[in-house]
Amino acid sequence: MAEQGTGSLPTLIRDASWASGRDRKPVTQWLGRIEALGTVTVDWPGGQWNTNPCQVTDLPGNTQTAVLTGARPVGPDFYRARGAVAMPQPPRESEQSEIPLPTALWLQYTKLSRLHEFAAAVGAAVIPCAAESAARNLSRLAPGPAIAPPSRDSSPELLDPAAGRFRPVDLVGRRPVPGLYKYTKFGRMDAYALLREHPRQTVPGHHHTASPPPEQTWHSVDRRAGIHHALRPSAFPLRWKADSVPGHTGQKTLGRLTADRRAALPMAQERTAVLCTGLASLRTADAEHYDGVPLYIADRIARTLHRRLETV
């Protein structure tokens with residue numbers, strides 16, 4: 001992928017499935033995880049992928065440690081021979097069919113000259129802290145473009161916010177309930193739509209015996225962002241726990257950010273959290289954990305998702 005740089009997503013899935021001996025599902029999961037690592041950007045609706053440039057960037061905090069991000073054209077041994085520290089990404093125990101992720105590569109340094117020397121030796125650019133830049137550039141969630149409602153034969157399901165699960169719903173002959181809907185597109189592909197309600201504007205001087213029902217609009221949205229749109233801020237809150245001794249917490253204190261798997265982070269927010277270490281999330285039975293996240297970045301992620309952040 002680093003050598004080619006860009007290409008067709010269906011072709012990549014087919015080739016990666018053949019090369020790895022896995023079916024389509026583990027391949028798409030792997031692509032989602034390397035996208036969170038910053039290796040590649042995937043246009044899922046458009047069916048295209050592009051690699052991101054190989055860069056060296058500082059981790060947040062005064063760690064004097066940099067991480068190598070983007071698509072690397074050579075294997076880990078090349079970077080290790082030039083002073084990098086390499087650590088394989090830990091596999092998820094619950095997913096035995098998972099395709100291995102790119103090895104994490106860090107450089108520890110005491111002088112900036114060493115950082116630039118390493119970058120020149122491996123052909124990568126040095127950039128300011130990517131995690132901090134990504135956090136500043138996060139936008140607050142907003143609905144996608146307006147779309148037509150799901151058709152009656154698209155097997156619609158409505159998200160139950162309390163349980164975090166989708167349940168079948170009948171949209172025929174009744175006013176649909178606002179929320180996140182999952183449905184089948186083109187007879188085979190899962191799609192998601194957000195239904196919102198807006199109070200109707202009344203014309204001055206006109207009196208109605210009853211208020212008109214709110215106007216409803218359907219919007220295109222991806223699954224993860226749609227879930228955060230549909231949930232109350234207090235439902236499945238994000239949690240952050242400091243690495244340091246309690247009572248000594250500041251905005252730059254590093255800690256572990258935890259997201260409930262029923263309300264997983266959208267890609268932009270997940271990539272921001274992952275860039276804090278260069279390590280993929282640690283998955284447990286009910287949550288995704290991101291290590292080395294400063295409190296101010298965790299707070300920024302929560303605010304852009306309209307979610308509550310609990311510090312523990």
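This is a predicted model: local features need pLDDT of at least 70, side-chain atom pairs count only at pLDDT 80 or more; totals for chains, interfaces and linings use all residues.
Local features need pLDDT of at least 70 and side-chain atom pairs count only at pLDDT 80 or more, while totals for chains, interfaces and linings use all residues. Residues are numbered from 1 along each chain as its sequence is written, and side-chain values use heavy atoms, without hydrogens and water.

**View 1. The second largest pocket, with a volume of about 360 Å³.** Thr39, Gly70, Ala71, Arg72 and Pro102 are the closest to its centre among the 25 lining residues. Helix H2 (24–36), strand S5 (65–69) and strand S7 (104–108) each give two or more residues to the lining, and S5 gives the most, with three. The lining has 17 nonpolar, seven polar and one charged residues. A pocket is an open set of points on a 1 Å grid over the protein atoms alone where a 1.4 Å probe fits, with protein on both sides within 12 Å along at least five of seven lines; lining residues have an atom within 4 Å of a point. The volume is the space filled by probe spheres set on the points.

**View 2. Helix H7 (residues 267–274), mostly covered.**

**View 3. The packing of helix H5 (residues 130–137) and helix H8 (residues 295–304).** The axes, fitted to C-alpha atoms over the stretch in contact, are 9 Å apart at an angle of about 30°. H5 and H8 are therefore roughly parallel (angles under 35 degrees).

How values were computed:
Helices (H or I, at least four residues) and strands (E, at least two) are DSSP runs, numbered from the N terminus. Ala, Val, Leu, Ile, Met, Phe, Trp, Tyr, Cys and Pro count as nonpolar, Asp, Glu, Lys and Arg as charged, and the others, Gly among them, as polar. Buried means under 20% relative accessible area, exposed over 50%, partly exposed in between (1.4 Å probe, protein chains only). Axes are lines fitted to C-alpha atoms, for helices over the stretch in contact, and angles run from 0 to 180 degrees between N-to-C directions. Angles under 35 degrees count as roughly parallel, over 145 as roughly antiparallel, 65 to 115 as roughly perpendicular and the rest as oblique.
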